[in-house]
Amino acid sequence: MKSTQATESNLLPLVPAYDSILELAPYQTGKPVEELTREYGIADVVKLASNENPMGCSPHVTLAVTEQLGQLARYPDGNGYYLKQALADFNEVDVKQITLGNGSNDLLDILARSFAGTDDAIVYSQYAFIIYPMLAKMQGATGIEVPAHRFGHDLKAMTQAVQDNPNTKMVFIANPNNPTGTQLEHKALREFVASVPRAVLVVLDEAYIEYSPESNNRALLDEFDNVVIVRTFSKAYGLAGLRIGYALSSVAVAELLNRIRQPFNVSRIGLAAAAAALADQDFIEKTRQMNDEQMRWLEKQFDALGLGFIKSHANFIMVEVEVEMEDTTAAVIYQALLEQGVIVRPLTAYGLPNWLRITVGVAEDNLRLIDTLQSILTED
Ligand SMILES: Cc1ncc(COP(=O)(O)O)c(C=O)c1O
């Protein structure tokens, strides 16, 4: 049903397709470095807010990108032939099981548009990636948020939610999850997939899988036609600025997604860069090692500062900064860090006002974060 009430209050004669669109707030991205420099005049900014790779990307990407520069007047290959071939080999799937996206967000959006309409429900967990409830609202579908268990997905309760809502068309699960960094056991996840009707699409969002390779659930694709795995080149591969991701699914699902996808949704440079990045698994190994070492170091520092945190399986960590000082909430600390050139992520939009999500940086960035945090927390 369309509402005139909300649009009248905005003095707009135009009415969006669904009322729920009026409830949406634009997605809050991590503050860009350039913006902080502009606003506060700080040249030396450390960004630990968007789970990007602080080591950049594979050096092979530069050459691949350079090779494309003479071809920018030409459309990219709309089918991404070479990248799909490489991804098929890497993931041991058929090329027909792959859909490419302009970042993995594009794929999450294509999935929601392909499967969820106004009469349908989408199930996701409390504290799961905020795009999932947003997609439900964008589609005019019912979003069903299942309370988290110890900050992670409560799969039993999610099964129950699917059973209680026969109009459920999709379930979104992030593994590891953003922003909590929690990870699911294979067995529990398999049991969950087996427990839902075959007509319910289970989307496993593995944006951070390179940091937690043991939680890769690729094997579920061979067993269940209703499973989709979504991955990205934005995180460990270090190509966030190029926007490229992919989905692995049954051939039937991929054929549907390809009808919805924009014809040239991945750029020429993105295709070439992703193929070069995928081929350099040594870089991924180095990234993982650095992340593991620095994660352990950060955990020790948070312990020393008396700050609680959730054990994370990704390249970020959720830290509790509710301290016994009047008015000192995470928002205050976020702002104080910002003013000293350190960008992290507040989690108020997730209903976690006392927590910050901090991306693991290289040693120098993390040292700066901890020094700055310590000086803020010990200020009179
Ligand atoms: C769990 C999860 N999924 C998907 C994305 C989307 O990333 P991209 O569109 O850059 O691939 C993110 C980005 O933060 C994420 O955390």
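Biologist: How do α13 and α15 run relative to each other, roughly parallel or roughly antiparallel?
Modeller: In this predicted model, α13 and α15 are roughly parallel to each other. Their packing angle is about 10°, and angles under 35 degrees count as roughly parallel.

Biologist: Which residues do these helices span, and how far apart are their axes?
Modeller: Helix α13 covers residues 281-305 and helix α15 covers residues 363-377. Their axes are 11 Å apart.

Biologist: Which residues meet where α13 touches α15?
Modeller: From α13, the contact involves Gln 294, Trp 297, Leu 298, Gln 301, Phe 302 and Leu 305. From α15, the partners are Ala 363, Asn 366, Leu 367, Leu 369, Ile 370, Leu 373 and Gln 374.

Biologist: And how many of them are nonpolar, polar or charged?
Modeller: The contact of α13 with α15 has nine nonpolar and four polar residues, with no charged ones.

Biologist: Let us turn to the ligand. Which residues surround the ligand?
Modeller: The surrounding residues are Gly 103, Ser 104, Asn 105, Phe 129, Asn 178, Asp 205, Ala 207, Tyr 208, Thr 232, Ser 234, Lys 235 and Arg 243.

Biologist: What distance separates Ser 104 from a ligand oxygen atom, and which part of the residue is involved?
Modeller: A backbone N or O atom of Ser 104 is 2.6 Å from an oxygen atom of the ligand.

Biologist: What about the side chains of Ser 234 and Arg 243?
Modeller: An N or O atom in the Ser 234 side chain lies 2.6 Å from a ligand oxygen atom. For the side chain of Arg 243, the corresponding distance to an oxygen atom of the ligand is 2.7 Å.

Biologist: How much of the ligand does the protein bury?
Modeller: The protein buries 94% of the 390 Å² that the ligand exposes when taken alone.

Biologist: Asn 178 was among the residues around the ligand. Is the peptide bond from Asn 178 to Pro 179 cis or trans?
Modeller: That bond is cis, with omega near 15°. Pro 179 belongs to the loop between β5 and α9. The bond from Asn 175 to Pro 176 is also cis, with omega near -10°, and Pro 176 lies in the loop between β5 (168-174) and α9 (186-195). Most peptide bonds are trans.

Biologist: One last topic: what is phi of Asn 51, and where is this residue found?
Modeller: Phi of Asn 51 is near 55°, a positive value in a residue other than glycine. Asn 51 sits in the loop between β1 (46-47) and α4 (60-68). Most residues other than glycine have a negative phi.

Technical notes: Residues numbered from 1 in each chain as written. Predicted model: local features only at pLDDT ≥ 70, side-chain atom pairs only at ≥ 80, totals over all residues. Heavy atoms only, no water. Axes fitted to C-alpha atoms, helices over the stretch in contact; angles between N-to-C directions. Helix = DSSP H or I, 4+ residues; strand = E, 2+ residues; numbered from the N terminus. Parallel < 35°, antiparallel > 145°, perpendicular 65-115°, else oblique. Contact = heavy atoms within 4.5 Å. Nonpolar A, V, L, I, M, F, W, Y, C, P; charged D, E, K, R; others polar. Near = heavy atom within 4 Å. Polar contact = N/O pair within 3.5 Å; in protein donor to acceptor, adjacent residues only side chain to side chain. Areas by Shrake-Rupley, 256 points an atom, 1.4 Å probe, with all protein chains shown as cover.
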